[in-house]
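Okay, hi everyone, thanks for coming.

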Amino acid sequence: MGATTIWERWDSMLPDGSVNPGQMTSFNHYALGAVADWMHRVVAGLAPAAPGYREITVRPRPHPPLTHASARHHTPYGEASVAWQRADGRFSLDAVVPVGTSATVHLPGQEPVTVGHGRHSWTVPDPCAVPEPRPGTVRELIDTVELWPKAVSVLVGHGLADDAAQVADRAARYLDHPAENLPRLVSHKGTGERAEEVCRELGRLLS
């Protein structure tokens, strides 16, 4: 519909151009706009460092589930943009800084650099490619994006739980227990001997 703000609902404006007669029809909804602001400033990494984007901060925060992100903003000086991607162990960042402005660029694992207007590109090691430390507790295992689905697959595959939802429900009761004990904690009755074998398998997975 050509919106340039975040609406409170998808159909705040109807296909015929009229305003939805129901409630909740904000056309610049802060609660959802705050999410968009977070995506610009944190995920993509484009933010003002001075009024009107006279100075710009470029500081993307890559996270393992994301392989790329980008954002652009029409400042009083022209369009500023940031785009990054993760591939083959490398993190690549492209930034466009409008004429009359400057940008301080924070690359993962590097000292900040300040650049003037123009197109700029950098490539550094992918910070997300560094192996995560071995999770010590069930809580840490759940929070480890790479390992938790694999652990669930092992438990369900050996018949210690019916599905991923049941594993999560039972694991929530033992968040501060050692991660390698998870098979014993979530197993069905009568599967204790099998749980011991799965504990060893899970230990190998976590090492």
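So, in what order do the four strands of the open sheet come? Before I answer, keep in mind that this is a predicted model. The order is β1-β2-β6-β7, and the pairing is mixed. Now look at the edges: β1, at 46–48, and β7, at 113–115, each have a single partner strand, so each is left with one side that has no neighbour in the sheet. Going from one strand to the next, the twist averages 25°.

Let's stay with β7 for a moment. β6 and β7 run antiparallel, and three bridges join them.

Okay, on to the nonpolar cores. The largest one has 21 residues, and the ones that touch the most other members are Ile56, Val58, Leu93, Val105, Leu107 and Trp122. The largest share comes from β5, with four residues.

Let's zoom in on Leu107. Which residues does Leu107 contact, if we skip its neighbours within four places in sequence? Those would be Phe91, Leu93, Trp122 and Val124.

And last, there's another core, lying apart from the largest one. This other core has 20 residues, including Leu141, Leu160, Ala161 and Leu206. That's me done, thanks!

Notes: Residues numbered from 1 in each chain as written. Predicted model: local features only at pLDDT ≥ 70, side-chain atom pairs only at ≥ 80, totals over all residues. Heavy atoms only, no water. Core = buried A, V, L, I, M, F, W, Y, C linked by side-chain atoms within 4.5 Å. Buried < 20%, exposed > 50% of the residue type's maximum accessible area, 1.4 Å probe, protein only. Helix = DSSP H or I, 4+ residues; strand = E, 2+ residues; numbered from the N terminus. Contact = heavy atoms within 4.5 Å. Pairing = 2+ DSSP bridges. Axes fitted to C-alpha atoms, helices over the stretch in contact; angles between N-to-C directions.
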